[in-house]
Amino acid sequence: MQTRVVILGAGFGGLELATTLSEALGDDIAVTLIDKSDAFVFGFAKLDVMFGRTTPDAVRMPYSEIAKAGVRFLQETITAIDPDTRRVTTDADTYEADVLVIALGADYDMDATPGLAEGANEFYSVAGANTLRDVLPAFSGGRVVVGVCGAPFKCPPAPSECALLLHDYFLARGIREDCDLKLVMPLGTPVPPSPDTSQAILGAFAERGIEFVGGRRVSSIDPARKVAVLDDDSELPFDLFLGVPKHRAPDVVIASGMSENGYIPVESRTLATSYPGVYALGDCATVGVPKAGVFAERAARVVAKSVIAKLRGEPEPEGYDGRGSCYIEFGRGRIARVDIDFLSGPKPTGVFQEPSEALAAEKEHFGSSRKARWFGGP
Ligand SMILES: Cc1cc2nc3c(=O)[nH]c(=O)nc-3n(C[C@H](O)[C@H](O)[C@H](O)COP(=O)(O)OP(=O)(O)OC[C@H]3O[C@@H](n4cnc5c(N)ncnc54)[C@H](O)[C@@H]3O)c2cc1C
C-alpha cells in the first residue's frame, strides 16, 4: 500500500514539499495537499500590489494548475487536526495520514492591537495591499508611520522595504517634501543577524530622511486622534498608518493542542514534532529561524528527503541548517541580498551583498523559477 502523506497548507513550505516528493517518487506515494485558498501569492508580491506595480490578479498562481504525479490538491478548510491519530478534518471530509506535515503559516491577529482594524491600513495581506493601491494615490502628504505590532513577524526586512519604497513613491509623485516618514519595529536593528545589512538599511534611511524607531512596537491605534501608541506609552501622530499586524498560528493549530507560546515546537534539525509521524515547518512552527518563505522551503526539502529515505530504507539525510537568502528592496530599482545561516554555527551570521540591478534580476528569477517548479509552465 502507498504511504499516505497529508500536507496541510499549500504555501512556500507545502508546495515545495509536494513537488520534491512527486519528483522523487511520482505515483509511488499518495500526497494529499490541502489549502483553503484557490491560489498561492508570494509575500513580496504584496509590496508590488500596494504600489500599483502589478494587479492582485496578475500575482495569483491558481492551485488548479498543479499537475504532479502522486499529488492531489484539495481546496478545503481544515477544521481539526488530531496529532495522536494523524487524522485531519476539513469542511468536506476526513483524512488519515501515515505522515502528516503541518505547514499552515501564520495568521494575523488584528484584535491584539486595539484600533488597528478600524483606524489603520495593513500591507501584509493581499486584501490590505489591494486597499492601499487606492489609498496611496489619494494621499497628498503628512505624517506617515509604518508600524510593526509584534514579533515574530514575517520577513523581518519587509517593513524596511516598505519605508524605502514609500520614499520612492512619494518622490515620484512630487510630495516627498510634504511627508514625514517613520518606521517603528520591535527589533533593535532592521536585520539583527547581519550588522552589515542593518547598517546599509540604516544608511539608506538616513540618506532619505526616514526615521527608524527600533526596539519599539505599536501597542494600539487611536483612530479618533490618529495616534499610534507604542509599548512605552509614547505616541506618534499620523495621517497615514501602514501596519504589520501581530502574528499567530492559525486557530486550528492552536485548537489541536500542539502549540506552545503560539507556535508548534519542533526539533530544529528534523522538523519533527513530539508526535510520531507528524512534522511542522515554516511560519506555524518554532524552528529557530525567522518567518520567511526561503526558510520554509528549505525546511520542506529536509522533511521530503527524510520521508524519501525512510521509504527507500536509506540512512537519514543531513539535518536542517537554517540557511536562506533574502532579497531586500532598496528602492530605485535596486535589490540587495543577505545570505543568512541560523543554525550551523554558535550564533546566526549574515553575508550582505550591496543593492544592484543584477540582484533585482536574480529576485525575478527566484520568483519565476518557483512558479515554474511548483505549478509547471513558464
Ligand atoms: C509583505 C511581505 C513580504 C515578504 N517577502 C518575503 C521575501 O522576500 N522572501 C521570503 O522568503 N519571504 C517573504 N515573506 C514571508 C513569506 O511570505 C512567508 O514567510 C511564507 O509564505 C511562509 O511559508 P509557509 O509555507 O510557512 O506558510 P504560507 O506560505 O503562509 O502558507 C500557509 C498556507 O496555509 C493555508 N491555511 C491556513 N489555515 C488554513 C486552514 N485552516 N485550512 C486550509 N488552509 C489553511 C493558507 O491559505 C496558506 O496558503 C514576505 C511576507 C510578506 C507579508
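I take two strands as paired if DSSP finds at least two bridges between them, and I take helices (H or I, at least four residues) and strands (E, at least two) as DSSP runs numbered from the N terminus. The model I am reading is predicted, so I kept to its limits: local features need pLDDT of at least 70, side-chain atom pairs count only at pLDDT 80 or more, and totals for chains, interfaces and linings use all residues. Residue numbers start from 1 along each chain as its sequence is written.

I looked up β16 (residues 227-230) beside β15 (residues 218-222) and found the two antiparallel, joined by 4 bridges, with V218 opposite L230 of β16. Their hairpin has 4 residues between the strands, and K226 there takes a positive phi near 55 degrees. I then followed β16 to β17 (residues 235-237), where 3 bridges join the strands in an antiparallel arrangement, and noted E235 in β17 as the bridge partner of V229. This second hairpin also leaves 4 residues between its strands, and D233 in its turn has a positive phi of about 70 degrees.

**The β6-β7-β8 sheet.** I found an open sheet of 3 strands in the order β6-β7-β8, with antiparallel pairing. Its edge strands, each pairing on one side only, are β6 (78-82) and β8 (94-96). Neighbouring strands are turned by 15 degrees against each other on average, direction ignored; axes here are lines fitted to C-alpha atoms, for helices over the stretch in contact, and angles run from 0 to 180 degrees between N-to-C directions. I counted 3 bridges from β7 (residues 87-90) to β8, and V88 stands opposite Y95 in β8.

**Helix α4.** I checked the span of α4 (residues 126-138): its 13 residues reach 19 Å from first C-alpha to last, close to the 18 Å expected at 1.5 Å a residue, the expected span being 1.5 Å times one less than the number of residues. I also noted a kink of about 30 degrees centred on L132, where the bend at a residue is the angle between axes fitted to the seven residues ending there and the seven starting there. The buried residues of α4 are G128, A129 and L132, and their cover includes α2 (45-50) and β11 (121-122).

**L242.** I placed L242 in strand β18 (residues 240-244). Why does L242 count as buried? L242 counts as buried because it has 25 C-beta neighbours inside 10 Å, the cut-offs being 20 or more other C-beta atoms within 10 Å for buried, 12 or fewer for exposed and partly exposed in between, with C-beta atoms placed from the backbone. Leaving aside neighbours within four places in sequence, L242 is in contact (C-beta atoms, placed from the backbone, within 7 Å) with N121, F123, V146 and C162. I also looked up L183, 59 residues from L242 along the chain, and found their C-alpha atoms separated by 9.5 Å.

Methods: Contact = placed C-beta atoms within 7 Å.
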